[in-house]
Every structure is written in structure tokens, then in C-alpha cells.
Amino acid sequence: MNVAICDNEGHTRSFIRRLVQSQQASCQIQEFSSGQKLLQAMDGAEEWPDILFLGMDGKDVKDGTDRMDGRNAKDGTDRMDGRDARDGTGNIAGRDSIDGLSVAHRLRERLRERQEPVWGSLPLLIFVTGHPENMREAFEVNAFQVLIKPLQEAEFCKVFAQAAQEYGRLAAQRPRKHKEILVRSQSTTRNVRAEDIYYVESSNRKVILCLEREKLEYYDKISDLELELGEGFFRIHRGFLVNMRYVEQYSRTEVRMKNGDALLISKYKYQDFAKAYLKYVSIENAG
């Protein structure tokens with residue numbers, strides 16, 4: 001699951017990141033300090049975030065006026081669409097301050113351009129604001145939920161669990177894309193589907209891909225494969241990366257795979273793995 005955090009306050013981004021990591025150890029997290037940077041990163045990206053925490057309390061960096069209501073205090077012009085009344089452009093020259101509501105409007109417009117439904121689509125928007133009176137505007141752009149500052153861990157956990165379940169349902173409805181990795185072994189090169197990999201073992205400067213009926217050994221780093229394979233895989237030990245769909249059972253000392261192989265699990269990884277595996281199972285069952 002891909003999570004993005006967009007907020008102009010660094011301490012807020014760090015706090016949300018910590019809370020997300022405490023809930024879902026295997027998810028990928030990106031941070032953005034402004035709406036403009038978020039939109040630029042999403043332009044042309046194959047995959048958008050699945051859950052997006054979006055700050056609503058952005059301020060105009062030039063005059064410091066609060067942009068929560070989408071208006072410029074100097075001239076009263078509506079700034080909800082992210083346009084500057086002086087030049088009609090989508091952003092102010094030399095600045096990257098686009099408020100959260102404007103970002104949400106643009107994301108929803110892109111969904112319409114792609115002829116995708118606004119309701120029941122990803123990313124799930126979770127607004128973060130210190131002004132509860134502005135919740136109405138958040139739900140006008142089909143927000144999944146709104147979190148009020150100061151953030152409370154218990155409330156965050158509840159909302160994140162709801163979002164993870166909803167993500168599982170939506171992901172199950174989408175056509176499954178088969179992720180593949182390129183394997184260069186001896187004189188041959190082939191593509192291997194990620195879902196066919198039971199686990200990856202690190203051996204000196206090589207890795208071993210354990211498939212259902214064969215093992216492929218080639219030069220690569222298990223840390224690079226961990227990043228490439230991403231969601232659904234978990235590094236249980238510095239020498240083992242497992243595909244959670246093939247986990248049969250586990251204890252504090254080993255993880256037994258469905259092909260019968262027993263793999264050593266680090267005592268430092270056990271708690272995070274147990275939490276990530278239970279989350280994985282709950283998402284799969286939700287689908």
C-alpha cells in the first residue's frame with residue numbers, strides 16, 4: 001500500500017509518518033512539503049498514492065494569509081481552484097503554495113479526465129486540519145475522512161484502519177497488474193512475476209529466487225529487491241525476504257512457507273512482521 005503525506009509543516013509530516021509506520025510496517029511512504037510538489041510527482045506516474053494525508057492549513061508564503069477558506073485576504077478573490085487572479089495561471093509565479101483543497105480539486109478533475117469515478121477511487125483523501133469548521137469543504141471534494149489537529153493517536157489508528165480496509169476492497173475490484181522483475185542468470189535473461197516468488201534468499205553477493213519448482217541464482221542485492229518488490233513482501237531477516245501470500249505459519253524463531261521451507265526470522269523483526277502479516281491477511285479477506 002502506497003501512502004503519501006502532504007503538509008507544509010515538517011513536524012506534522014514526521015508525526016503522521018511515525019503513526020503510519022506503527023500501523024503498517026510494509027507500506028511505502030512518501031512525503032511532500034507542498035501541494036505543487038505532490039502534483040508534479042503524480043504527473044505521469046504509473047501509480048498514484050493509495051492513501052493521501054493532505055494538509056488543509058497551507059499559508060500564502062508571500063503575505064502569510066490563511067488559505068483555509070480559499071480566499072486572498074487582499075482582494076477577496078476565490079482561490080479554491082488554485083488560480084491567481086493576477087495572471088490566471090494554475091500557480092503563483094515563483095511559489096509552490098497550493099492549498100489542500102485546490103490539490104484535491106485538481107486530483108478529482110484528473111480522475112474525470114481519465115473517465116474514472118470520483119467516488120470509490122484512489123487515492124483515499126484524509127484531510128488534516130486545525131480548523132474543524134472547514135470540514136464541509138473537505139467533504140465537497142469527496143474526502144474519505146478528516147483528522148483534526150492536534151492529532152490523537154487513537155483516532156488516527158481508527159481512521160487508518162478504516163482506510164486500509166477500504167483500500168483493500170477497491171484494490172480487489174481493479175484489474176490485477178502483474179509486477180515483474182528482470183532476472184539475468186548466466187547467459188539468459190527472463191522476466192519473473194513477483195507473485196510467483198515464494199521468497200528471496202541472500203547468498204554472498206548473489207540472491208536466490210525460490211519459485212514453486214525452481215530456484216534462480218544471480219547477482220543482485222536483497223535490499224534492492226525489497227524496494228522493487230514492495231507491497232506484499234517482508235524482510236524477516238537480513239538473509240530472507242518472504243512473499244506473505246505463501247506464508248503457512250510463523251513463530252518467534254521461524255517462518256514456514258507453503259512449500260515446506262522453514263526460514264529464520266530475526267527476533268528484532270518478529271513484532272513488525274506479525275503486525276504486517278495480520279494487516280495483509282485482513283486486507284486480502286476484505287477483498
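Predicted model: local features only at pLDDT ≥ 70, side-chain atom pairs only at ≥ 80, totals over all residues.
1. Local features need pLDDT of at least 70 and side-chain atom pairs count only at pLDDT 80 or more, while totals for chains, interfaces and linings use all residues. Numbering runs from 1 along each chain as its sequence is written, and side-chain values use heavy atoms, with hydrogens and water left out.

2. Helix α2 (residues 35-42) and helix α3 (residues 100-113) have axes that come within 10 Å and cross at roughly 20°. The two are therefore roughly parallel (angles under 35 degrees; axes are lines fitted to C-alpha atoms over the stretch in contact, with angles from 0 to 180 degrees between N-to-C directions). Helices are DSSP runs of H or I with at least four residues, strands runs of E with at least two.

3. In the contact (heavy atoms within 4.5 Å), G35, L38, L39 and M42 of α2 meet V103, R106, L107 and R110 of α3. These residues divide into five nonpolar, one polar and two charged, with Gly counted as polar and Arg as charged.

4. Rings of Phe, Tyr and Trp (its six-membered ring) pair if their centres lie within 6.5 Å; planes under 30 degrees apart are stacked, over 60 edge-to-face and the rest tilted. The count comes to ten aromatic pairs. F234 and F273 have ring centres 5.5 Å apart and planes at 65°, so this pair is edge-to-face.

5. F273 is buried, at 0% relative accessible area (buried means under 20%, with a 1.4 Å probe and protein chains only). F273 and Y277 have ring centres 5.9 Å apart and planes at 20°, so they are stacked.

Conventions:
Parallel < 35°, antiparallel > 145°, perpendicular 65-115°, else oblique. Buried < 20%, exposed > 50% of the residue type's maximum accessible area, 1.4 Å probe, protein only.
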